[in-house]
Amino acid sequence: MAIQNHKERIYRTKDMKILKFASLFGANASGKSNFIKAISYAQQIVLAGTVQPFKDNYFKLDDSNRDKTTYFDFEFRIGDAIYAYGFEVVLSKREIKEE
């Protein structure tokens, strides 16, 4: 359906239009649940740091991933301001490399 028919689904500001909802589609075993888990995991790191129990959640089928950096980047809007926040972490070492 055309967007003109569902204008209530769009949040409008003076400089952008944003959908009020999001959907995540994909085939079975395509990574949808892992995507949600990654967001939750990043939230735990932001709120509690790496002091909390920290799993080795790197891709274990390739041992070289043990010491590779994982990146998390988020953009969000509060009022008229848009913020970006991100960090890099080596999961196996509980070490935040950059923020």
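**View 1. One helix and five strands make up the protein.** The model is predicted. Along the sequence, the elements follow the pattern β-β-α-β-β-β. Of the 99 residues, 18% count as buried. The protein exposes about 8200 Å², and carbon and sulfur atoms supply 53% of that area. Among contacts with a separation of 6 or more, 35% join residues 24 or more positions apart.

**View 2. Strands E3, E4 and E5 form an open antiparallel sheet.** The strand order is E3-E4-E5. Strand E3 (70-78) and strand E5 (95-98) are the edge strands, and each pairs on one side only. From one strand to the next, the twist averages 35°. Helix H1 (residues 32-48) packs on this sheet. The helix touches E3, E4 and E5, and its direction makes about 85° with that of E3.

**View 3. E3 and E4 meet in a hairpin.** The two strands run antiparallel and are joined by nine bridges. Ile78 has Ala81, in E4, as its bridge partner. Two residues lie between the strands of the hairpin. Gly79 takes a positive phi there, near 65°.

**View 4. E4 pairs with E5 in the antiparallel sense.** Strand E4 covers residues 81-90. Three bridges make up its pairing with E5. Val90 stands opposite Glu95, a residue of E5.

**View 5. Arg94 has a positive phi in the loop between E4 and E5.** The value is near 55°, and the residue is not a glycine. Most residues other than glycine have a negative phi. Arg94 counts as partly exposed because its relative accessibility is 42%, between the cut-offs of 20% and 50%.

**View 6. Ala29 also carries a positive phi, of about 65°.** This residue is not a glycine either. Ala29 sits in the loop between strand E2 (17-19) and H1. Its relative accessibility is 86%, so Ala29 counts as exposed; the cut-off for that class is over 50%.

Note on methods: Residues are numbered from 1 along each chain as its sequence is written. This is a predicted model: local features need pLDDT of at least 70, side-chain atom pairs count only at pLDDT 80 or more; totals for chains, interfaces and linings use all residues. Side-chain values use heavy atoms; hydrogens and water are left out. Two strands pair if DSSP finds at least two bridges between them. Helices (H or I, at least four residues) and strands (E, at least two) are DSSP runs, numbered from the N terminus. Axes are lines fitted to C-alpha atoms, for helices over the stretch in contact, and angles run from 0 to 180 degrees between N-to-C directions. Contact means heavy atoms within 4.5 Å. Buried means under 20% relative accessible area, exposed over 50%, partly exposed in between (1.4 Å probe, protein chains only). Accessible areas come from the Shrake-Rupley method with a 1.4 Å probe; for residues, only the protein chains shown count as cover.
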